[in-house]
Amino acid sequence: LEHLKALQQINLYFFNTKIGDDGAVAIGSSLQHLKALAQITIDFAVTEIGDAAAAAIGSGLEHLKALRQIQMDFRRTKIGNDGAAAIGSGLEHLKALQQINLNFFNTEVERAAKDAIQQTLTKPGVAVTVLW
């Protein structure tokens with residue numbers, strides 16, 4: 001992904017694959033190089049990824065200042081409070097965001113963490129959908 005600096009849209013689907021933290025960390029680390037990216041869809045549903053992967057993804061996302069739309073599916077993964085918070089933190093300061101769709105259904109994220117993330121992402125002018 002690092003060589004695709006002019007890329008404006010990307011869809012990555014890993015639904016029900018054997019990808020684990022190592023593969024997802026590599027993807028998350030590569031995201032920071034996609035400075036022109038305006039739209040991203042990542043589907044990690046029904047995989048073995050956990051907090052380490054989510055932290056790398058959150059860290060990579062925070063560099064995508066042109067990002068307007070994001071859709072990420074983490075249902076039925078091993079992501080917990082720390083991983084979900086890392087995703088929220090990565091998105092928190094992206095001023096161009098207009099639409100956020102996140103799915104954390106059937107993960108290890110607890111209610112208090114869910115509420116904190118929802119509050120962090122809710123901003124005027126941004127459509128936010130978070131499924132728990």
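Trainee: At what angle do H2 and helix H3 (residues 81-92) pack, and how far apart are their axes?

Mentor: Please note at the outset that this is a predicted model. One begins with the angle and the distance of the two axes. Here H2 and H3 pack at about 5 degrees, and their axes are 7 Å apart. Angles under 35 degrees count as roughly parallel, and H2 and H3 are therefore roughly parallel to each other.

Trainee: Which residues make the contact between H2 and H3?

Mentor: From H2, the contact is made by Asp 51, Ala 54, Ala 55, Ile 57, Gly 58 and Leu 61. H3 contributes Asp 82, Gly 83, Ala 86, Ile 87, Gly 90 and Leu 91. By class, the residues of this contact of H2 with H3 are seven nonpolar, three polar and two charged.

Trainee: How do H1 and H2 pack?

Mentor: The angle between H1 and H2 is about 10 degrees, with the axes 7 Å apart. That makes H1 roughly parallel to H2. On the side of H1, the contact involves Asp 21, Ala 24, Val 25, Gly 28, Ser 29 and Leu 31; on the side of H2, Ala 52, Ala 53, Ala 56, Ile 57, Gly 60 and Leu 61. The contact of H1 with H2 has eight nonpolar, three polar and one charged residues.

Trainee: Which residues of helix H1 (residues 21-31) are buried?

Mentor: Burial is judged from relative accessible area, and buried means under 20%. In H1 the buried residues are Ala 24, Ile 27, Gly 28, Ser 30 and Leu 31. Viewed down the axis of H1, they fall within an arc of 165 degrees, so they line one face of the helix. These buried residues pack against S1, strand S2 (39-43) and helix H2 (51-61).

Trainee: How many bridges join strand S3 (residues 69-73) to strand S4 (residues 99-103)?

Mentor: Five bridges join S3 to S4, and the two strands run parallel. Gln 69, for instance, has Gln 99 in S4 as its bridge partner.

Methods
Residues are numbered from 1 along each chain as its sequence is written. This is a predicted model: local features need pLDDT of at least 70, side-chain atom pairs count only at pLDDT 80 or more; totals for chains, interfaces and linings use all residues. Side-chain values use heavy atoms; hydrogens and water are left out. Two strands pair if DSSP finds at least two bridges between them. Helices (H or I, at least four residues) and strands (E, at least two) are DSSP runs, numbered from the N terminus. Buried means under 20% relative accessible area, exposed over 50%, partly exposed in between (1.4 Å probe, protein chains only). The arc is that of the directions from the helix axis to the C-beta atoms. Contact means heavy atoms within 4.5 Å. Axes are lines fitted to C-alpha atoms, for helices over the stretch in contact, and angles run from 0 to 180 degrees between N-to-C directions. Angles under 35 degrees count as roughly parallel, over 145 as roughly antiparallel, 65 to 115 as roughly perpendicular and the rest as oblique. Ala, Val, Leu, Ile, Met, Phe, Trp, Tyr, Cys and Pro count as nonpolar, Asp, Glu, Lys and Arg as charged, and the others, Gly among them, as polar.
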